[in-house]
Each structure stands twice: as structure tokens, then as C-alpha cells.
Amino acid sequence: MKKVFLEKRSLNKIFIVVLSFSLGVLIYLLFRSRKLFYYQFVELIYLDPYIRAIRKIVWVYRKHIPNWVIYSLPDGLWLFSMGVSILHNRYYYKQAQNIFNLIFISIVGVEIFQGIYGGHGTFIGTFDSADVICYIIGYILATLIGYIYWRKNYKGKEIEDKSRILKKERRKILLIVIIFTILVFFPALAS
């Protein structure tokens, strides 16, 4: 059997993850402060003249875009892309789902913590119900995509060397969690 570099299911996963995450970053670049890390990265790779030109064009439409799209949707897209990364194409879907559940509960917990102890201008941030709604939608969609794929391709199928596959999936999930945890802090890094 010929070894393929990337299987179709991996390409689908990569496409979904990159597209959703990139959309969130694009919203930051076009509508949020130019002091945020993403914009500084764009300056570093000399794309800032192009982004500034696009910002001027889209800024005309800013008044027609609801605030939740600019301030909350990127968070939901981040959680969705992380969830698809964790859940899609997993033989041990239920274990992966448990990890994603903990991440989701932690994120909503942080948002509630912000509501109790935070406020505008504080280090811990400000509670926003639109953030919670976007998190919930991202969580549900990622869970549905992961579950449907698992049910169609893996449920009830026997595999050889289960312990090796479980270890491999756990390592992948740990790496995904580390990467997305780093990525979630990028917007908060400002000059």
C-alpha cells in the first residue's frame, strides 16, 4: 500500500482549523488595536502596508458589524479550531472529548471569574456574555464534527496495538493544547 503524505481526513481537519483560526486573526488585524501582537507580527514580516490599506477599506463598514463579531467571535473561533484539532480523527474520541470538556469548563470558569473579580482595564479582563455564547457555539460545533467523524469512521472498530495508539493520541492532544494555549495569549501581548 502506497504511503500518502497527508490523507484526505487530515487535510479536511487542517483546512477547518486553519480557516477558522485565520478568520479570528483576520478580525483582530482588521478591526482591533494595532498595538496587539498580531499586528506587530505583521509589521515584522513587512505586511503592514497591505493590512493598513485593507483596514482603511473595511473600516467604512465597521459601523455595520456588530461588536460581538469583533470582540467575541475570535474567541469562539479559537475554541472551535482547538476543539476540531483535539476531536477530529481520533480513535479514542471519548478521552479526547473529556479533555476538551475540561478546557471548555475552564474557559467559561475564567469568564465567570472575570464577571466577579474583573472589570474594564483590569489584568484579568471583563466578563462578556457574548464571549460565553461564542464559546458555547464553538464548543458544540467542534464536538458535533468530532463525534460525527468518530461515529462514521471509528466507532465499534477494533484496532491492533491500542496502547500505542492511545499514547500517540495523548501526545498529539497535549501538543495541540500547548500550541493553542500559547496562541490564545498572543492578542493580549501589546507593545
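Predicted model: local features only at pLDDT ≥ 70, side-chain atom pairs only at ≥ 80, totals over all residues.
Local features need pLDDT of at least 70 and side-chain atom pairs pLDDT 80 or more, while totals for chains, interfaces and linings use all residues.

The C-alpha trace spans about 55 × 45 × 30 Å along its principal axes. Of the 191 residues, 40% count as buried, that is, under 20% relative accessible area with a 1.4 Å probe, protein chains only.

The axes of helix H1 (residues 8–31) and H5 come within 9 Å and cross at roughly 160 degrees. Axes are lines fitted to C-alpha atoms over the stretch in contact, and angles run from 0 to 180 degrees between N-to-C directions. H1 is therefore roughly antiparallel to H5 (angle over 145 degrees). Residues in contact (heavy atoms within 4.5 Å) include Ile16, Phe21 and Ile27 of H1 and Leu77, Trp78 and Val84 of H5.

Ser72 lies in the loop between helix H4 (67–71) and helix H5 (73–87). Ser72 is buried, with a relative accessible area of 0%. The Ser72 side chain makes a polar contact with the side chain of Asp131 (2.6 Å). Such a contact is a pair of N or O atoms within 3.5 Å; within protein, one must be able to donate a hydrogen and the other to accept it, and residues adjacent in sequence count only if both atoms are side-chain atoms. Beyond its neighbours within four places in sequence, Ser72 is in contact with Asn67, Asp128, Ala130, Asp131 and Cys134.

Terms used:
Residues numbered from 1 in each chain as written. Heavy atoms only, no water. Helix = DSSP H or I, 4+ residues; strand = E, 2+ residues; numbered from the N terminus. Buried < 20%, exposed > 50% of the residue type's maximum accessible area, 1.4 Å probe, protein only. Parallel < 35°, antiparallel > 145°, perpendicular 65-115°, else oblique.
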